[in-house]
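Thanks for coming, everyone. Please look at the structure while I talk.

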Amino acid sequence: MIIKRIVLILAMALIFSACGEKNITKQETPIQKEEQPKEVQPEENKKEYIRYEGKFELPVKGSTGFTTIPRELFIEPELEADILGTIPGGKPFEIVEEIEGWWKIRYEQQEGYVESSYCMINLPDVVPSIVYDGINTYASKDRSSRKDIPGVTGQLIYPGTDYNERFSQERFILPVLYGTAKKIHNIQQEALENGETLVVYEGYRPLSAQEVMVDGLENLAYNDEEVLAGIESPPWSMDWFAGRGVSNHQYGYAIDLSLALIKDQRMEYSGDYEYLEVTKHSDFQMPTAINELSTRSIVFTEPVKPSSSEEWKNAKLAPTMTEYAIRLQKYCTDHGLTPLASEWWHFNDLAEEDKMTNTDFTGQYVYKSLRSKPPVKLGD
């Protein structure tokens, strides 16, 4: 009897103990709230960007222009209008608006009109999809017979970058005449259609920079027989690879470029507009590295008059010309540029030649700054 009573008491104790543990557990465990439906956030007001449809990839408005020679600033876009003043040669300005044959510009807090055909434009501002590599503004790649040119190769030959507000980053300054810029844009559009891109190395080049390059090449050639033979092999001469005096690069109608395969690209934005940016590319095989100043780089078997837009058509291609050098040449010549016989990368816009060679332009300016702004739609 006593044993039964003890067993009963122990059993009841266990029951109460178990109930107590359940109560404690229930008190210590936080109460799970009912899952509330997620608050629906209003969709962000995403800006709608415009794909520009015009003579360039981005509007001229907001880009940087440059004077080549002193230009009158008119109060209206006509030669009979009153003159506000004269802008000295070699000055950057902001392009506010374009009217056929004229730019309305902002220069030192003053607004007026200049004739656009005698001015240069910063090419990266209006054709940003091109790959730009202003090599002479940080480390020249000029060589001759594959040999470094002392005082030139690897050197900064002239300054040529500035913060570009249009793209919110440091960019190359690469001026070319306005008419030439239109042709380069058309070449790039055809290349893009084929999954390719231009790689532009130089447009305008200061005369002082050219003289440094000529001096360096002459000194090397007259101390190295192999280099001398590479630039003085008849019918070629040194002038074909490094000439003195004001050249087409100073006048702004010459361009040094190559061709590459696009490996990756993306859309970027400036002001109210979207544009294509090539983020990765692969260079095509060319006859030589860029700026190999010797007969290794010749385009034709014999010299061709550089002032003729037709003579090159009857010239025989050099056996060293590669498939892609010929492809680059076709892109350029189909859109009005003329090849230089001694350099596969160099093309001239002879349609702009007479305009500039009949001026007093000396090409001594070094363009060091930009006035570029993001392009906006209002008033475009």
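How many disulfides does the structure hold? The count is 0, where a disulfide is a pair of cysteine sulfur atoms within 2.5 Å.

Before I go on, a word on the source. This is a predicted model: local features need pLDDT of at least 70, side-chain atom pairs count only at pLDDT 80 or more, and totals for chains, interfaces and linings use all residues. Residues are numbered from 1 along each chain as its sequence is written, and side-chain values use heavy atoms, with hydrogens and water left out.

Back to cysteines. Cys119 counts as buried, at 0% relative accessibility. Cys332 is buried too, at 0%. For these terms, buried is under 20% relative accessible area, exposed is over 50%, and partly exposed lies in between, with a 1.4 Å probe and protein chains only.

Next, the cavities. The whole structure has 2 of 30 Å³ or more. A cavity here is a set of points, on a 1 Å grid over the protein atoms alone, where a 1.4 Å probe fits but cannot get out; lining residues have an atom within 4 Å of a point. Points are joined across faces, edges and corners, and the volume is the space filled by probe spheres set on them.

The largest cavity has a volume of about 60 Å³. Its lining includes Gly134, Thr137, Phe172, Leu174 and Glu202. By class, that lining has 7 nonpolar, 4 polar and 1 charged residues. Nonpolar means Ala, Val, Leu, Ile, Met, Phe, Trp, Tyr, Cys and Pro; charged means Asp, Glu, Lys and Arg; the others, Gly among them, are polar.

The second largest cavity is about 50 Å³. Val366 and Tyr367 are among its lining residues. This lining has 8 nonpolar, 1 polar and no charged residues.

Now the salt bridges. The search finds 19, each a side-chain nitrogen of Lys or Arg within 4 Å of a carboxyl oxygen of Asp or Glu.

Take Arg266. Its partner Glu268 has the closest N and O atoms 2.7 Å apart. Arg266 also meets Glu277, at 3.2 Å, N to O. Glu277 lies in strand β17 (residues 273-283) and Arg266 in strand β16 (residues 254-270), so this pair ties together parts 11 residues apart in sequence. Strands are DSSP runs (E, at least two residues), numbered from the N terminus. Glu277 is buried, at 16%, while Arg266 is partly exposed, at 44%.

Last one. Arg106 and Glu111 meet at 2.6 Å, N to O. Arg106 is partly exposed, at 33%, and Glu111 is partly exposed, at 35%.

Notes: 1 Å grid on protein atoms, 1.4 Å probe; cavity = no way out; pocket = protein on both sides within 12 Å on 5 of 7 lines; lining within 4 Å. Helix = DSSP H or I, 4+ residues; strand = E, 2+ residues; numbered from the N terminus.
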